[in-house]
Amino acid sequence: MKNIYLLLIGLLPWLGSPAQGAEEWVRYAAEPAGSKVKVDGTSTIHDWTVESKLIGGYIEFDPGFAFEKAQPGKVNARVAVLIPVRQLKSDKTAMDTVMYDAMKEKEHRRIDYRLTEMTLKEIPKTPDAPFLFDTKGELVVAGVTNPVAMPVTMVRVGADKLKFTGSTSIKMTSFGIQPPAPKVALGLISTGDEVKLSFEWLTGKKDQAAK
């Protein structure tokens, strides 16, 4: 796992760099631990779940955005997220193999997400309460890009970390993925087209001088 974390750290500069200017954007980069993404689906024999604890990427805020003074409205932010497909795992190796094939993992090794719009809907009512956002973005799975919209909550963790949570539902066929229907001894298993994506993403403030 250490090598995967180092790989992600190396990929972050490639994903993008903050704009140059008198004030730089404030970046929070993915932490190596404390995150997870889940995909929940259905089939004719049982519900299923795959999960990864590896979410790479970053979020950047305009230098004019201050948590203490935030007000509802559009937020100038940038987000780039990546999830290695092979880090998504169930408790069944055979199921994982079928999933990787369906997702065309050999040609498209990552799931990518890019934020296109972020709106602060509600500020915290207490110091420990979350910020509530509506977000729009582009999700890239199996080489196909689709728009996604979802509510996202954010809580401050200590002085320099942010934790984001959210969920949305998508259809596999929207990304050119045929819901797996492997043939087994007892007949044909069919998988539901709609799946639910949910995540918890922990990020840490990056030293400006290190950018």
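Trainee: What volume does the largest pocket have?
Mentor: A pocket here is an open set of points on a 1 Å grid over the protein atoms alone, where a 1.4 Å probe fits and protein lies on both sides within 12 Å along at least five of seven lines. Points are joined across faces, edges and corners, and the volume is the space filled by probe spheres set on them. For the largest pocket, that gives about 990 Å³.

Trainee: What pLDDT do local features need in this model?
Mentor: Residues are numbered from 1 along each chain as its sequence is written, and side-chain values use heavy atoms, with hydrogens and water left out. The model is predicted, so to speak of side-chain atom pairs takes pLDDT 80 or more, totals for chains, interfaces and linings use all residues, and local features need at least 70.

Trainee: How do the residues lining the largest pocket divide?
Mentor: Lining residues, those with an atom within 4 Å of a point, number 49 here, and Val39, Val50, Leu88, Val195 and Leu197 lie nearest the pocket centre. Sorted by type (Asp, Glu, Lys and Arg are charged; Ala, Val, Leu, Ile, Met, Phe, Trp, Tyr, Cys and Pro nonpolar; the others, Gly among them, polar), they come to 39 nonpolar, eight polar and two charged.

Trainee: Which strands pair with β13?
Mentor: Strands are DSSP E runs of at least two residues and helices H or I runs of at least four, numbered from the N terminus; the chain has two helices and 13 strands. Two strands pair if DSSP finds at least two bridges between them. Ser198 in β13 stands opposite Lys38 and also opposite Ser167. The antiparallel partners of β13 (residues 194–205) are β1, with three bridges, β2, with five, and, with eleven, β10.

Trainee: Is Leu132 buried, partly exposed or exposed?
Mentor: Leu132 sits in strand β8 (residues 131–141), with contacts (heavy atoms within 4.5 Å) to Thr119, Leu120, Lys121, Glu122, Val152 and Thr153, leaving aside neighbours within four places in sequence. Buried means under 20% relative accessible area and exposed over 50%, with partly exposed in between (1.4 Å probe, protein chains only). At a relative accessible area of 27%, Leu132 is therefore partly exposed.

Trainee: How about Glu105: buried or exposed?
Mentor: Glu105 is in the loop between α2 (93–102) and β7. Not counting residues up to four places away in sequence, it touches Val85, Arg86 and Tyr100. Its relative accessibility is 4%, so Glu105 counts as buried.
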